[in-house]
Structure formats: structure tokens, C-alpha cells
Amino acid sequence: MDFTGTTSIEDALAEREKQFMHNDYESDSEIHSRIHHLINSARAGDIAARDELLESCRNYVSVIARTNVETWMRAKVDASDLVQQTMLEAYEGFQNFDGVSEAEWLGWLRQILAHNTQDFIRKFRTEKRNVKKEIRLNPQFPNGSAPGVDLSAHLQTPSQLMIQNEREFELANAIAELTADYQEVIQLRNLQRLPFDEVAERMGRSRGAVQMLWGRALKQLQEILSQNHDVSESE
């Protein structure tokens, strides 16, 4: 989607986000250290560590799963079964993971999710076709073969909430703390990259109301990320 037509609220948010991004966040290394420790412990046979490792990634998988499915189908879809299936396969196939870093771990989860998403889309399309009900898929991906979602990349517009891929994990958890309306508007506007007019239609609100909601949502997301950083520093 084209985001070249910035509005006054986007300009104001861009300035707030610019100030926000100037903060130096050291919590990333702490997150890396925790995930790395859980990976090592789980591979050594610690079942509790494996459970914690998988549960800590549920928000991350959930955000990407919903974005993938709804981007393809251009409609709101319950992706909870897709998330559950992905987490179950990761749990049962953990011995097949041969990486050591957080990046490798998240990449492995995304591979499982991508495979399950293709099956999910194929099954959904077949069921709809059987009852002769058409699905308006995203014209960019007519065969349901869209690439996997890069969470941080999709949140770089209108400015950049995330600079590096390693912050995807922290961001997904922060999104999960938002109210349902805030999650929805960020999902539609930033992750699915829909124009405000379409976001307004999907949410049943006016364009102006959606822009205001989106502004509040981004501000709240920034505050949560800041609070989480402060907590990490104090521990």
C-alpha cells in the first residue's frame, strides 16, 4: 500500500516516534539472553524451559498468523486454530530445531507457520468454493502464495517503531497488551498496510475517527514499550 499521502496526524506521530526512537534501548540484549538460555535449557531436556520458550513466542506467532491470513483474504479471520497448530508442531518437533540463536528460533517458527498457513488458506478456499461462495483474495497474491510477514518491516510505516528485527519479539508482546480496538487499527493500518478509508470501512467508523484511534494506539504502544524497557532496566 502507498503511504506517501501523509496527514497532519501522521506528521505529528512521526515527530513523536522520532523522539521515541532516539531512546537507547538496552533491554534487547536481555531478551536475547533469556531466549538463548531457554533454548539451551530446552535442548538439554528441561521440559519447563521448553514450555516457557514456546509460550513466550505465542504473541509473536499470533500477530504474524493473523496478518498473513487477513492480508490474503482481505477479511477478518479467526487465526487461533492456526496459531495452536503451529505451537503444537513446534512442541512436538522441537528436537528437529538445530539452531542456537533467537533469530534462528523465530525463523524456525515462521517456517512452521508458513506451511500451516498455506494449508489453512487452501482448506478455506476449498470449503468456500464447495458452497459456491467467492473469496476476494488480495490481487497481489492470487494463488495464496504470499511471502511470510516480516513483523518489523510492516511496522516501519508511517515512520519506524522498530529499527532492527530483534525487536519484533518485544513489539508483538506490546501489541498484545493493547485494547482490542487499538490492536485492530494497528493490525489493519500498519501490518496489513490498508489505507485509512478501508480501515474505516472494516472497523465501521469514519476516517477521522479511525485516524484519531490509530494515533492513540501508537502512542499507547510506545508507552508500553517504554514501560517494559524501564522494568527490564530495574530488574
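The side chains of aspartate 181 and arginine 205 are joined by a polar contact of 2.7 Å. A polar contact is a pair of N or O atoms within 3.5 Å; within protein, one must be able to donate a hydrogen and the other to accept it, and residues adjacent in sequence count only if both atoms are side-chain atoms. The model is predicted: local features need pLDDT of at least 70, side-chain atom pairs count only at pLDDT 80 or more, and totals for chains, interfaces and linings use all residues. Residues are numbered from 1 along each chain as its sequence is written, and side-chain values use heavy atoms, with hydrogens and water left out.

Aspartate 181 is placed in helix H9; helices (H or I, at least four residues) and strands (E, at least two) are DSSP runs, numbered from the N terminus. With a relative accessible area of 35%, aspartate 181 is partly exposed. Here buried means under 20% relative accessible area, exposed over 50%, and partly exposed in between (1.4 Å probe, protein chains only). Leaving aside residues up to four places away in sequence, aspartate 181 touches Met203, Arg205 and Leu213, where contact means heavy atoms within 4.5 Å. Between aspartate 181 and leucine 213 the C-alpha to C-alpha distance is 8.0 Å, although 32 residues separate them in sequence.

Glutamate 184 also has its place in helix H9, which covers residues 180–191. Its relative accessible area of 12% makes glutamate 184 buried. Again not counting residues up to four places away in sequence, glutamate 184 touches Arg66, Lys76 and Met203.

Met203 is one of the buried residues of H10, together with Phe196, Glu198, Val199 and Ala200. After H10 comes glycine 204, which has a positive phi near 70°. Phenylalanine 196 has 2% relative accessibility and so counts as buried. The charged end of arginine 189 sits over the ring of phenylalanine 196, at 3.9 Å from its centre; for this, NZ of Lys or CZ of Arg must be within 6 Å of the ring centre and within 35 degrees of the ring normal. Arginine 50 likewise lies over the face of tyrosine 91, 4.0 Å from the ring centre.

Six aromatic pairs are present in the structure. Rings of Phe, Tyr and Trp (its six-membered ring) pair if their centres lie within 6.5 Å; planes under 30 degrees apart count as stacked, over 60 as edge-to-face and the rest as tilted. Phenylalanine 94 and phenylalanine 97 form a tilted pair, with 6.3 Å from centre to centre and 40° between the planes. Both phenylalanine 94 and phenylalanine 97 are buried. The pair of phenylalanine 196 and tryptophan 214 is edge-to-face, because the ring centres are 5.3 Å apart and the planes lie at 75°. Since phenylalanine 196 belongs to helix H10 (residues 196–203) and tryptophan 214 to helix H11 (residues 207–234), this pair ties together parts that are 18 residues apart in sequence. Tryptophan 214 counts as buried, at 0% relative accessibility. One aromatic cluster is formed by Phe94, Phe97, Trp105 and Trp108.

Over the whole protein chain there are 11 helices and zero strands. Of its 235 residues, 47% are buried. Among contacts in the protein chain with a separation of 6 or more, 72% involve residues 24 or more positions apart. The protein chain exposes about 12200 Å², and carbon and sulfur atoms supply 47% of this area; accessible areas come from the Shrake-Rupley method with a 1.4 Å probe, and for residues only the protein chains shown count as cover.
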